[in-house]
Amino acid sequence: MKYLNKICGLGVIAFLIMLAVPNKSHAQEGGYVSDQEFYDELDPYGTWVDDPTYGNVWIPDAEDGFRPYASRGHWVVTDYGNTWVSDYPWGWATFHYGRWRYDDYYGWEWIPGHEWAPAWVNWRRGGGYYAWAPLTPGISISLSFGNNYRVPDSYWTCAPQAYIGRPNIYNYYAPHARVVNIIHQTTIINNTYVYNNRTYVTGPRITEIRKVTRENVRVYKVGNASRNTGNTTITNNTLNVYRPQIRKTADARPARVVNGNEYRKEHPTEGIANRQGGQATINRNNAARLAAVAKSNNEKLVKVNHDRPATATRPGQPDNKRPDQPNTRPAQAGARPTPAQGDNKRPDQNTRPGQSGVKPAVQPGARPTRQPNNAQATDQNKVRLQQEQARQQQEQVKQKQQQGRQTGQQQQDQAKQQQAQQRQQQADQAKQQQLQQRQQQAGQAKQQQAQQRQQQQEQAKQQQLQQRQQQQEQAKQQQVQQRQQQQEQAKQQQLQQRQQQQEQAKQQQQVQQRQQQQQAQQQQAQQRQQQQAQQRQAQQQAQRQQQQKQQQEKRPVARPVDQ
C-alpha cells in the first residue's frame, strides 16, 4: 500500500508540474508564443481576410499612402545587418515575420510567417541611391538574388545613400516618377549574414554605409525584449527587439475573418488598393469600411471562430482589444482551474491512529458516537478509526488512479495535439512547397516566355539585320550597276560624241573641201570668164582696129587746097 501511495504521489506531483510549466517549443531568441498570437495581437490594428491563395491575410488600418518598409520607420545597423525599426505598435510582427504582397483590390496584405529576420526585403544600389522592396510570399533569399526574380516597380522605395541612417529618412524618398529610372541604374546587393544555420539579408555593409554617409555609423547589438511593449528601445548600445519563437498551432485562426471574394463582389468599387500616380498605397476610408464590416454580424461576409486556441496573457502586455468588438474569445490559457478545497484533501501522513491530539474523521451524514469509558469501547473506536482511515486511503488511491488516468489522457491529448501540429506543419510545408513550385513554375514559365521573347526578338533582330544587309547589298549592287551603267553610258556618250565630232569634222572637212572646190571652180570660172572677156575684148579691139584700118584704106586721101 505504501508503494502504491508513493507511485500515486509521484503521479500527482508530475501532473502538478505539467500544469505549472507552460507549453513551449524551442526558443529562437526572445521567448515563446504560438502563431495564434499573430491573430490576436494584430486583430485590433487591422482586418483579417480569407484569401483563396494565401489563406488568412491581414489588412492594416494604416494611413493613406501606407507602404511596408517605407511608412513610419527607419533603418538601424545591427549585428544582423540593416534592421527595420517601425513606429507602428504591430511592427514587431509584420516587418520581421512573414511577407507582404500588393493586391489590386485589398492593397497591401501581410501573410503570416514563423521565422524572424531583421527585414524581409530585397536591396539594390546605384546612381547614388539605395533601393529596397518587400520580398513576396514563397520567395527564398537565394531565389531573390537570381536574375529570374522580378519585383514590381511600385514595390521599390529609393533614398539617397547619404541619408540611409537618418531616423527621418522618409523625408528623402525619391518621387515615384523617378523610381523606375533609378531602379534601371542599380544592381542587386546580395550580402548575407549566417547565424545558427540561418541566413539573413543584410543589405549594404557598415563599411559602405560609413563611406557614403561620411559618418561613424554605430552598429547596435540585437537584444531580446521579454514582452511586446509596442515600441523598440535602445539601452547601452543594444537594440531591444521583441522577437519570440513562433510555435505552429494546428487550429490557430483569427477571431473574425472577412470572406475576401464575397466582400469584393458586394463592394466592387470600394477597394483598399490605391494606384494613384502609379504608386502602390492604400485608401484609408475604404480600409475603415472593411474593418467596420469585420465587426458586424453579417454572416455572409464575416466568419466568427469561437473554437480557437487561447493565448496566454503576459504581464505588461498592452491591451489589444479592439473597441466595440464583440467578445468571442474563450478563457485565457493562463487561468487554470483549481481543485475544490477539501474534496481531495489528504490526511496528515505523520498522524497515526490512536495518536494524541488526532480526532477521528467523520463521514458526511454519519452520526457522532459517544466514546465509552471502558477499554472495549476504546478498542472499537480504534478499529472504526482504522477502518475509516483505510477507506479514506482507498478513496485517495482511487483519486490518484483517476488523476493518473487524467494525466495519461492529457498526455494522449498532447500527443494528439503534437501530431495534429506536425500534420499541420507538414500540410503548411506541403502548401509552401506547392506554392514555391507554382511560383517556380510561374517563374520558369515567365523565364521561358522571356527567353522565347528574347529569341523572337533576336530572330527579329537577325531578320532585320539580314534584311538590312540584303538591302545594303542590293543597294550596293544597284549602285555598282548604276555606276557601271553610267560609266557605259558615259563611254558610249563619249564614243558617240567622238564619232559625232569625227563625223562633224569629216562633214566640215568635206564641206570645206566642197566649198574650197566650189570656190576654186568659181575662181576658175571667173578666171575663164575674165579670160574669155579679155579675149573677147581683145578680139573686139582687133576687129575694131581692122575695121578702122579698112575704113582708112577705103577713104580718099585729101589733098591740100591751093590758095
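What follows is a walk through the cavities, strand pairings and aromatic pairs of this structure. The model is predicted: local features need pLDDT of at least 70, side-chain atom pairs count only at pLDDT 80 or more, and totals for chains, interfaces and linings use all residues. Residues are numbered from 1 along each chain as its sequence is written, and side-chain values use heavy atoms, without hydrogens and water.

A cavity is a set of points on a 1 Å grid over the protein atoms alone where a 1.4 Å probe fits but cannot get out. Its volume is the space filled by probe spheres set on the points, which are joined across faces, edges and corners. The structure holds 4 cavities of 30 Å³ or more. Strands here are DSSP runs of E, at least two residues long, and helices are runs of H or I, at least four; both are numbered from the N terminus. β5 (81-86), α3 (91-94) and β16 (238-241) each give two or more residues to this lining. β5 gives the most, with 4 residues.

β16 also belongs to an open sheet of 3 strands, in the order β14-β16-β15 with mixed pairing. Strands pair if DSSP finds at least two bridges between them. β14 (221-224) and β15 (233-235) stand at the edges with a single partner strand each, so one side of each has no neighbour in the sheet. β14 and β16 run parallel, joined by 4 bridges.

Elsewhere, β18 (residues 256-259) runs parallel to β2 (residues 46-51), with 2 bridges. β18 runs antiparallel to β21 (residues 302-304), with 3 bridges. Val 258 in β18 stands opposite Val 49. Val 258 also stands opposite Val 302 in β21.

Now the aromatic rings. Rings of Phe, Tyr and Trp (its six-membered ring) pair if their centres lie within 6.5 Å; planes under 30 degrees apart are stacked, over 60 edge-to-face, the rest tilted. The count comes to 33 aromatic pairs. Trp 58 and Trp 90 are edge-to-face, 5.0 Å centre to centre, with 70° between the planes. Trp 58 lies in β3 (residues 55-60) and Trp 90 in the loop between β5 and α3, 32 residues apart. Both Trp 58 and Trp 90 are buried, meaning under 20% relative accessible area with a 1.4 Å probe, protein chains only.

Notes. 1 Å grid on protein atoms, 1.4 Å probe; cavity = no way out; pocket = protein on both sides within 12 Å on 5 of 7 lines; lining within 4 Å. Buried < 20%, exposed > 50% of the residue type's maximum accessible area, 1.4 Å probe, protein only.
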